[in-house]
Amino acid sequence: MAIWLRRSRSLAHYLKAEIGFWKVPNQRSFLNPCFFNPEKSSSTTLTGENYGNPPSFLGNSPTLFGSRRFESIKSGREELDLEDENGGHQNQAMDFPGGRISFTSEMKFISESPRERIPCYRVLDDDGLPIMHSSFVEVSKEAALKMFSNMVTLETMDTILYEAQRQGRISFYLTSIGEEAINIATAAALTPHDVVLPQYREPGVLLWRGFTLQEFSNQCFGNKADYGKGRQMPIHYGSNKHNYFTVSSTIATQIPQAVGAAYSLKMDKKDACVVTYFGDGGTSEGDFHAGLNFAAVMEAPVVYICRNNGWAISTPVSQQFRSDGVVVKGKAYGIRSIRVDGNDALAVYSATLAAREMAITEQKPILIEMLTYRVGHHSTSDDSTKYRPVDEIEHWKTARNPISRFRKWVDKNGWWSDKDESELRANVRKQLLQAIQVAEKAEKPPISNLFTDVYESLPSNLCEQEELLRESIKRHPQDYPSDVPV
Amino acid sequence: MAVVFQGIGATAALTSATSVDSKKLYILSRRLVSETKSTFMVVRSDGRLNSGSNRRAQKLITNAVATKADSSPATKPGHELLLFEALREGLEEEMERDARVCVMGEDVGHYGGSYKVTKDLANKYGDLRVLDTPIAENSFTGMAIGAAMTGLRPIVEGMNMGFLLLAFNQISNNCGMLHYTSGGQFTIPVVIRGPGGVGRQLGAEHSQRLESYFQSIPGIQMVACSTPYNAKGLMKAAIRSENPVILFEHVLLYNLKERIPDEEYILNLEEAEMVRPGEHITILTYSRMRYHVMQAAKTLVNKGYDPEVIDIRSLKPFDLHTIGNSVKKTHRVLIVEECMRTGGIGASLTAAINEYFHDYLDAPVVCLSSQDVPTPYAGTLEEWTVVQPTQIVTAVEQLCR
């Protein structure tokens, strides 16, 4: 009984202190409060601090419960409690580095797992119907159709280029099937000035920003027109003019780099933020932890987007971490966080828009955990049916598909039809096949590109090495591929 | 060795030049830089020109005089300072000159840096430009890389070079690589610096010689400073370079005092320094070992030998031009380094000399290095893991027999 009361008191505390985004703050709040429905959030069961039962050997000292004051759940006052939620007593607090901490004579360990997991923000239900009283940013027809067609384009591009790899036309590919909503809807919420540091499963962001199917194909085929000059493997796109940092295969290295980029924006006081993506697996890397810590300490305007898609190659999340997903880790570093249904394009869009605004106006990092599923294999070098059931994959591919879900919503608004759909798909397919053909036939980058850009200008040792290579080629022309210009 | 040159307008890194004659003034073509200074001095060693773009237009002047550094470029006496102050001076001048230059590292801000290289800079330039970071080397190196890709010119200070082993992933996979893999779209003009080498009983973990580990990474440059004069010059050159540069300082050299010019100067990152010209044997060294070599040189001169001492300074790439000229003259090479026997700078240098100058050698290249052991804490043991002047003297005597 007493424990129940303690929990509900913590609810109030949690509500007023931790849901920073929802409260009416002293600082500017992003969206007009009337747009939202704060009562909605309180009626769902939220997890406050986690309580284990006090160890039985300590006994139940009656004074513990007797001296507590019980507050109304609806309280919205901001004052510092004389008694904190751990049952600490008033007048027994001490200034420690970092702030004031009250003492408690009760030895209580914070539970390692919550009773309830952090809830997930969604706007559309599985049938694409807006949930009653949900709060989201309105999307115009034009914007919605742009988002939808980009999602379809991304899916088509992934399917066809994956096939191209299977046919041996490109060496490698990695799809984002199942994560189209994250890719496109987050991109839609950003401006072109926001700097993006991807992991590797976010080509949709580049697609949204105007990277053409031809440019994508050029990179995959590593031809002369590739901006990377044929030096990286497929899907390692990069474009400075689109503010999309070149993909680096190493996991999570972009996380601290994002802090650096944000630091640069902060120094220049730009009205832009940095957005970086990583998967559930990436959160195990040391760089994730240090990077988030840095961002919080430096007050860097970074939006961290974790695509929790359940799998890191063959490692399921249950073997990746034991916490309640990734969203709770934000709190550990002092970062405002939210969990979003990653297959709900509207929820993703609204949350990212809000996060971006907060990051820029308040100059602090935000963490968004997007729950989704990696429908495709990890890459073309993987066969995921070896470690997960086929019907699980099928379920997420069909019943929980983000594109069809968004499509249903778009359809209901009367903005799309089957005819439009088939036209779009046919069109994209045709364009893409054409682009692939062009890319395949195009010339490869010349051999001099092997040595340029290692340094700003070619140093003597590389000049020498290039000469040696050229001599070797001259001597053995039959061993040199004919389609690579010298 | 040094030639005074009164420049017109300013230049950053010396990218190309046409050589005329060691006695006449060099005419340097410049990169366009918005800031100009009225007098600007460039100090070069011999007539050698560096960096790839120079290679086409030059007449290599091999008889350029490698005189002692005391025919110093300064027409005025200059000012005296310690090596760490020289580093700070260079750093401060560059921060003043270019608002994009910033420093990040542990305790660099109000604490002024563990070796006081960034002392008072936070007061002058603010907390944002002299940034204190949490303890995560991989992360603040990554942060510097991200900042560099977005247009800043960060300087990463490792409290001790050994800690940068934690940053190896970022340095190797991203710092050295991203300019290349992005097709030249993103440049990474970072400077990574810090003290390394064997100190006075700092323990094995704080006595690492990281130049051995980093030397293979494509895309980075490495330089090692040894005097206040070259410390300031190399610091400035490293900051102005568009390539990522790792600047190796030495824990025991921070309190060296020297008189350096008042005028602004920067040094070439790829050049070696002729410390003492000679005829009998070429001794190649860098950083702290330079001083052990010079001490041995005194003994050797008394014994009648004439060693030529070159401080190679540029660890990646090696200044094979200066080194080659020396080898062609003396025909004997001794390398004295602080790295371990296996896989150190000396090992690479030996391979390079054998490959290019084999015909000129009268004796095998001898490399004196530390043993392949972690540096012990006990003072006497530690002393014997580092090459001592007496060993150098013996080695020279044996080589010159």
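1. Basis. Because the model is predicted, local features need pLDDT of at least 70 and side-chain atom pairs count only at pLDDT 80 or more, while totals for chains, interfaces and linings use all residues. Residues are numbered from 1 along each chain as its sequence is written, chains are lettered from A and ligands numbered from 1 in the order in which they are written, and side-chain values use heavy atoms, with hydrogens and water left out.

2. Chain A overall. Chain A has 15 helices and 9 strands; helices (H or I, at least four residues) and strands (E, at least two) are DSSP runs, numbered from the N terminus. Of its 486 residues, 51% count as buried, where buried means under 20% relative accessible area, exposed over 50% and partly exposed in between (1.4 Å probe, protein chains only). Areas come from the Shrake-Rupley method with a 1.4 Å probe; for residues, only the protein chains shown count as cover. Among chain A contacts (heavy atoms within 4.5 Å) between residues at least 6 apart in sequence, 72% join residues at least 24 apart.

3. Chain B overall. Chain B has 12 helices and 18 strands. Buried residues make up 63% of its 401 residues. The accessible surface comes to about 14700 Å², with 54% belonging to carbon and sulfur atoms. In chain B, residues 24 or more positions apart account for 80% of the contacts with a separation of 6 or more.

4. The sheet in chain A. An open sheet of 5 strands runs in the order S3-S4-S5-S9-S8, with parallel pairing; two strands pair if DSSP finds at least two bridges between them. Strand S3 (195–197) and S8 stand at the edges with a single partner strand each, so one side of each has no neighbour in the sheet. The twist averages 20 degrees from one strand to the next. Axes here are lines fitted to C-alpha atoms, for helices over the stretch in contact, and angles run from 0 to 180 degrees between N-to-C directions.

5. Strand S9 of chain A. S9 (residues 366–371) is largely enclosed by the rest of the structure, because 5 of its 6 residues are buried. Strand S5 (residues 302–308) is joined to S9 by 6 bridges, running parallel; A:Cys306 stands opposite A:Glu369, and A:Ile305 opposite A:Ile368. Strand S8 (residues 336–341) is also joined to S9 by 6 bridges in parallel, and A:Ser337 has A:Leu367 as its bridge partner.

6. Helices by the sheet. S8(A), helix H11 (residues 345–362) and S9(A) make a right-handed β-α-β unit; right-handed means that, with the strands pointing away from the viewer, the path from the first strand over the helix to the second runs clockwise. Helix H5 (residues 180–189) of chain A lies across S4 (274–279), S5 and S9, at about 170 degrees to S4(A).

7. A:Arg307. This residue is found in strand S5 of chain A. A:Arg307 counts as buried because its relative accessibility is 2%. Its side chain makes a polar contact of 2.8 Å with that of A:Glu202; a polar contact is a pair of N or O atoms within 3.5 Å, and within protein one must be able to donate a hydrogen and the other to accept it, with residues adjacent in sequence counting only if both atoms are side-chain atoms. Beyond its neighbours within four places in sequence, A:Arg307 has contacts including A:Ile182, A:Phe278 and A:Met370.
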